[in-house]
Amino acid sequence: MLVVLSLLVGIGLGVGLHPVVPPSWAPYLPMAVMAALDSVFGGLRARFEGTFNDRVFVISFLSNAILAALLVWAGTRLGVQEMEIAVVVVFGVRIFQNLAAIRRILFHA
Amino acid sequence: MIKRNSPTARAIAPALVVGLLAFLLTVDLSAQNSASKINATRRSELAAIVAERQKSTAALESRLAQLRAQVAAIAASAGSATLRNLQEAMAGIEAASGSTAVSGPGIVVRLADAGPTDQSTNQSDSRIQDVDLQEVVNALWDAGAEAIAINGQRLVSTSAIRNAGSAVLVNFRVLTSPYLVEAIGDQSAMRASFEASTIAHRFKTWEQVYGLGFSIEQPSTVQVSAYTGSVRFRYAQIQNAR
């Protein structure tokens with residue numbers, strides 16, 4: 001209940017406040033979102049598997065998002081231009097794996 | 001104060017995190033949306049600017065042509081002797097400096113890379129190098145050439161002939177084989193002098209050993225085009241000797 005409410009409030013804030021993303025942050029926000037999505041699907045999977053731990057969930061969510069953004073930032077500083085691809089590939093694969101696990105649990109297939 | 005392991009904290013923390021995700025997602029989505037919108041508007045703005053500039057360039061060019069015609073008409077009508085002298089002097093200077101196209105009798109030296117032969121051991125042996133062109137040009141100046149161009153690139157006082165990778169640059173333009181070195185001057189004297197030069201002898205040998213192309217043509221009129229680059233001396237200034 002609380003989760004759904006919070007979700008709606010988050011969407012409402014994003015739409016309502018319409019915050020301006022500074023251009024220097026623009027490449028890093030999508031990376032953080034990718035990492036956060038991965039954490040949420042991971043949490044959902046853990047919930048279905050009965051191994052959900054709220055502390056792990058909160059910490060992995062925040063650390064993944066910050067680390068992904070930091071990694072891309074460090075990459076551009078080091079001259080590795082396509083660091084985004086590394087993040088996208090890693091989190092993309094993990095999101096797919098989590099979704100597959102959820103699907104197996106839900107549909108037994 | 002909520003304790004770390006209290007049931008309330010356990011319920012609130014994940015909810016907050018999910019709320020944060022929703023917030024980030026919507027912000028990111030709207031940012032991407034506005035970015036693509038900005039790109040689209042910028043592109044159309046740039047296109048409009050380009051079209052506008054093209055129009056103004058065309059207008060300026062037609063104005064330039066008009067003004068040039070006016071200047072020519074005024075110069076022709078003004079029968080002043082000093083003006084005519086100045087114009088003659090200017091024509092001479094232009095021809096000498098290479099800023100106008102000139103034509104006259106002369107010779108054309110044709111140099112070409114060797115064909116793609118497998119037996120050639122060294123790549124650079126089968127290609128015309130900057131040094132070859134430099135020596136040919138030097139021999140032609142020595143033979144009394146008055147104006148020289150290589151593949152239409154007029155040689156002026158700031159011209160350089162040099163290699164850049166596998167290409168030869170003249171006036172910073174990339175030239176490729178075959179190289180036509182056009183020189184205006186006394187045909188028979190220039191040809192005799194050039195054929196007696198060291199580089200011509202060497203090329204006759206190289207023609208047989210490496211298969212380089214080498215020939216001298218003698219058309220009745222040689223066209224040497226004008227130097228099209230910019231000549232702007234920023235450091236060299238005219239000394240008032242007199």
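Two strands pair if DSSP finds at least two bridges between them, and helices (H or I, at least four residues) and strands (E, at least two) are DSSP runs, numbered from the N terminus. This is a predicted model, in which local features need pLDDT of at least 70 and side-chain atom pairs count only at pLDDT 80 or more, while totals for chains, interfaces and linings use all residues. Residues are numbered from 1 along each chain as its sequence is written, and chains are lettered from A and ligands numbered from 1 in the order in which they are written.

1. Sheet in chain B. An open sheet is formed by three strands in the order S5-S6-S7 (chain B), with antiparallel pairing. Strand S5 (161–164) and strand S7 (173–175) of chain B are at the edges with a single partner strand each, so one side of each has no neighbour in the sheet. Direction ignored, neighbouring strands of this sheet are turned by 40° against each other on average.

2. Pairing of S5(B). Four bridges join S5(B) and strand S6 (residues 167–170) of chain B in the antiparallel sense. Opposite Ile161(B) stands Val170(B) in S6(B). Helix H3 (residues 130–142) of chain B packs on the sheet and touches S5 and S6 of chain B; the direction of this helix makes about 170° with that of S5(B). Axes are lines fitted to C-alpha atoms, for helices over the stretch in contact, and angles run from 0 to 180 degrees between N-to-C directions.

3. Chain B overall. Chain B has five helices and 10 strands. Of its 242 residues, 21% are buried (20 or more other C-beta atoms within 10 Å of the residue's own, with C-beta atoms placed from the backbone). Among contacts in chain B with a separation of 6 or more, 78% are between residues 24 or more positions apart; two residues are in contact if their C-beta atoms, placed from the backbone, lie within 7 Å.

4. Contact between the chains. Chain A contributes 25 residues and chain B 21 residues. The chain B side comprises 16 nonpolar, three polar and two charged residues. Ala, Val, Leu, Ile, Met, Phe, Trp, Tyr, Cys and Pro count as nonpolar, Asp, Glu, Lys and Arg as charged, and the others, Gly among them, as polar.

5. Helix pair across the contact. Helix H3 (residues 54–78) of chain A and helix H1 (residues 7–77) of chain B have axes that come within 9 Å and cross at roughly 25°. H3(A) is therefore roughly parallel to H1(B) (angles under 35 degrees). Asp54(A), Phe57(A), Val58(A) and Phe61(A) of H3(A) make the contact with Arg10(B), Ala13(B), Pro14(B) and Val17(B) of H1(B). These residues divide into six nonpolar, no polar and two charged.

Terms used: Parallel < 35°, antiparallel > 145°, perpendicular 65-115°, else oblique. Buried ≥ 20, exposed ≤ 12 C-beta atoms within 10 Å, placed from the backbone.
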